[in-house]
Amino acid sequence: MYQALVGIGLPVALILIMIGVGLSLTFNDFTRVFMQPRAFLVGITCQMLLLPIVAVLIIDLAGLSGELAIGFFILALCPGGTTSNLYSLLARADVGLSISLTTIAGFITTFTIPLLGNWAIYHYAGENSQFELPVLITWVKLMAITIIPTLIGMGIRMQWHGFAERAEPYVSKLSAAILALMIVSIGLQLGEKVLTYLLQAGFAALALNVVTMILGYLVGKWLVDNEQQARTICLEVGLQNGTLALLVTVTILDSATMSIGPSVYSLLMFVTASLFTMAVLRKDKTAQCKAVTS
């Protein structure tokens, strides 16, 4: 079961996720970047620079090393996924900005993941490590599994708009089910070690999620001064594409141990994102009540 999910299920899940992203995209989502450059630049800078820096600090504070640290850092290199787009909608954030950030970051990270991933392998496992991310091969695989399916999804939306809208929720549900099976199979593969690894990686995963969400929101409020866009930056920086991280750690690097951080993170982020959404919606309701009574 594990080998089948690793070799077939995980790539299929990610391809479906990225087709789902494409089904929700139009070319206006890209032109919007030029219409709102400040919010986009703040968001993409936080994601590309702030997130990896915070990850390195948390890895050191949590005392992670070797494969656990590598997997955790690779997670921080991944872009936001469909989860951040969904929660941006639920939290009444700027959904257009969210989709733009997710998509553009997805293009950029096909280059940064193999380059910085190799740095992490050397830094946390040493120069004699058996692990290596071949830059060209990794780039080709990431392009084939992320960028090309996104473009296919966009093409489907352009040609068959009604079908794209009907298919999008089913694609997301199917990919989520495959991801859940993948996480369970990783736990079974690790056996008795899984509890130890969970205890080690759990704090770090929660810290990365919560700290980056807080920093994303605060930086957004400070530099953009727009509540909806600050919420979007919070969710884009704080919710990473755990499925992509699993693809790199399990399929390309063939390490179940590296996958622990992304697996734990993928579960925890739904809790924190839901709490954030409830908090901001309550804030909106309070503000509306004050406006009515004043």
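Helix 4 is largely enclosed by the rest of the structure, because 10 of its 12 residues are buried; buried means under 20% relative accessible area, exposed means over 50%, and partly exposed lies in between (1.4 Å probe, protein chains only). The structure is a predicted model, in which local features need pLDDT of at least 70 and side-chain atom pairs count only at pLDDT 80 or more, while totals for chains, interfaces and linings use all residues. Residues are numbered from 1 along each chain as its sequence is written, and side-chain values use heavy atoms, with hydrogens and water left out.

## Overall composition

The protein has 12 helices and zero strands, where helices (H or I, at least four residues) and strands (E, at least two) are DSSP runs numbered from the N terminus. Along the sequence, the pattern reads α-α-α-α-α-α-α-α-α-α-α-α. Of the 294 residues in the protein, 54% are buried.

The buried residues of helix 4 are Leu 68, Ala 69, Ile 70, Gly 71, Phe 72, Phe 73, Ile 74, Leu 75, Ala 76 and Leu 77. Helix 4 has 12 residues and spans 17 Å from its first C-alpha to its last, close to the expected 16 Å; the expected span is 1.5 Å times one less than the number of residues.

Helix 7 has 25 residues and reaches 35 Å between its first and last C-alpha, close to the 36 Å expected. Helix 7 bends by about 40 degrees at Met 143, the bend being the angle between axes fitted to the seven residues ending there and the seven starting there. The buried residues of helix 7 include Thr 138, Leu 142, Ile 145, Thr 146, Pro 149, Thr 150, Gly 153 and Arg 157. An α-helix has 3.6 residues a turn, so residues three or four places apart point the same way.

## The cavity

The model contains one cavity of 30 Å³ or more. On a 1 Å grid over the protein atoms alone, a cavity is a set of points where a 1.4 Å probe fits but cannot get out, and lining residues have an atom within 4 Å of a point. The largest cavity holds about 110 Å³ of space, a volume being the space filled by probe spheres set on grid points that are joined across faces, edges and corners.

The lining of the largest cavity consists of 14 residues, and Met 18, Pro 79, Thr 102, Gly 106 and Thr 150 lie nearest its centre. Helix 1 (2-23), helix 6 (95-125) and helix 7 (135-159) each give two or more residues to this lining. Helix 6 gives the most, with four residues. By class, the lining has six nonpolar, eight polar and no charged residues; Ala, Val, Leu, Ile, Met, Phe, Trp, Tyr, Cys and Pro count as nonpolar, Asp, Glu, Lys and Arg as charged, and the others, Gly among them, as polar.

## Aromatic pairs

The whole structure has four aromatic pairs. Rings of Phe, Tyr and Trp (its six-membered ring) pair if their centres lie within 6.5 Å; planes under 30 degrees apart count as stacked, over 60 as edge-to-face and the rest as tilted. Two of the pairs are set out below.

| Pair | Centre to centre | Angle between planes | Class |
|---|---|---|---|
| Phe 73 and Trp 119 | 5.3 Å | 55 degrees | tilted |
| Phe 111 and Trp 139 | 5.8 Å | 35 degrees | tilted |

Phe 73 in helix 4 (residues 66-77) and Trp 119 in helix 6 are 46 residues apart, and their pair links distant parts of the chain. Phe 73 is buried at 4% relative accessibility, whereas Trp 119 is partly exposed at 36%. Ring pairs also join Phe 73, Trp 119 and Tyr 124 into a cluster.

The other tabulated pair links Phe 111 in helix 6 with Trp 139 in helix 7, 28 residues apart. Phe 111 is partly exposed at 47% relative accessibility, and Trp 139 is partly exposed at 28%.

## Loop residues with positive phi

Arg 92, a residue other than glycine, has a positive phi near 55 degrees. Arg 92 is placed in the loop between helix 5 (82-90) and helix 6 and is partly exposed, at 49% relative accessibility. Asp 225 likewise has a positive phi, of about 55 degrees, although it is not a glycine. Asp 225 lies in the loop between helix 9 and helix 10 (227-238) and is exposed, at 64% relative accessibility.

Technical notes: 1 Å grid on protein atoms, 1.4 Å probe; cavity = no way out; pocket = protein on both sides within 12 Å on 5 of 7 lines; lining within 4 Å.
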